[in-house]
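Let's go through some side-chain contacts together, question by question. Have the viewer open as you read.

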Amino acid sequence: MLFKVTLLALSSLANGSFLPWNLTRDTSSNNNKIFHKRDNDGSYDLDMIAQQSFYSVDVELGTPPQKLQLLLDTGSSDMIVVSNSNPYCSSTNDCDTYGSFNSDASSSYTPKNKGFEISYADGTSSTGDWGSDVVSLSSENEDMTLTFGLAKNSNSMGVLGIGLPGLEVSRGSTSGSFSYNNFPMQLKQQGIISSQIYSLSLNQDKFTGDILFGAVDTSKYDAGQLFTLPMINQYKSQGYIQPIKMEVTLQGLGKLDNTANDNSQFTYTTSKLPALLDSGSTIVYLPNEIATQILNEVGATLQNDHYSIACSMSTD
């Protein structure tokens, strides 16, 4: 099986089911609809909110529904929600801001009696237990039963991981390995969408956007050539037959100097580099040698554990 990532253009699915979620950079959204059903074809949209360094989505979980705001992450594959008993909630207002889940207050929650541990690239981590409950999908009384991790000890906000199934942490659990249908897989399994694909439209210029499950909205892009990139498998030597991360090959890296009259170009490297397509991070990771060269060019200065540049650089 060949895994691919398609860029720029795709045709909408004819007579198919899909699920859209909308995106907004306004963190004070008053929109009470979580999922938006598109016409009568079973498609759905999901609202997304652009925070300072990540995109989040609103999810309703349990019976009666409890509203949570989760980081949308293509770089992980598990839905992890923060338990209201998490001690981290007492030392930060994140649980008040993004919500926490009280499993005892949900009549439809089912524990799995298996533990999990997960860590993320930003240094945060969560431990807890697996369980399942009902995710409310729309005002049309459609819902979906989903397996997720209930984080009882975590310094991270909740995460909706929609990555490839091979990255599910349940598959390497020390308390008993198992596999399950994550969010996109379960949408397909229950017939809510007709194809297990999704597309993101960030539309940062207008501070709005959406994630569409099951199809691609052709109105979101200008007519152009379709580009398809093969996904790479960096973990084949570890026994993974298929890719477990949404990684593609970066053919090189350069810059275009738009301050010069001739729009001169400069190439940092033509060496091939693996690149992860990760909606859960706004950070670009580069090899140290290239990153140092760019930082020196823009006059960045090291302050504690990060670099800073003059605000005027944004317009230079």
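Predicted model: local features only at pLDDT ≥ 70, side-chain atom pairs only at ≥ 80, totals over all residues.

Residues are numbered from 1 along each chain as its sequence is written, and side-chain values use heavy atoms, with hydrogens and water left out.

Q: How do the rings of W130 and Y180 pair: stacked, edge-to-face or tilted?
A: Rings of Phe, Tyr and Trp (its six-membered ring) pair if their centres lie within 6.5 Å; planes under 30 degrees apart count as stacked, over 60 as edge-to-face and the rest as tilted. Here the centres are 5.5 Å apart and the planes of W130 and Y180 sit at 55°, so the pair is tilted.

Q: How many residues apart are W130 and Y180?
A: W130 belongs to strand β9 (residues 125-136), and Y180 to the loop between β11 (159-161) and α2 (183-189). Helices (H or I, at least four residues) and strands (E, at least two) are DSSP runs, numbered from the N terminus. The pair thus links distant parts of the chain, 50 residues apart.

Q: Is Y180 buried or exposed?
A: Buried means under 20% relative accessible area, exposed over 50%, and partly exposed in between (1.4 Å probe, protein chains only). Y180 has a relative accessible area of 8%, so the call is buried.

Q: Which residues do ring pairs link into a cluster with W130 and Y180?
A: A search of the whole structure turns up eleven aromatic pairs. Ring pairs join W130 and Y180 into a cluster with F116 and F178.

Q: What is the handedness of the disulfide of C89 and C95?
A: The structure has one disulfide (a pair of cysteine sulfur atoms within 2.5 Å). C89 and C95 form it, with sulfur atoms 2.0 Å apart. The torsion about their S-S bond is about -70°, so the disulfide is left-handed.

Q: Which residue forms a salt bridge with R171?
A: R171 is partly exposed, at 38% relative accessible area. The closest N and O atoms are 3.3 Å apart, and the partner is E168.

Terms used. Salt bridge = Lys/Arg side-chain N within 4 Å of Asp/Glu carboxyl O.
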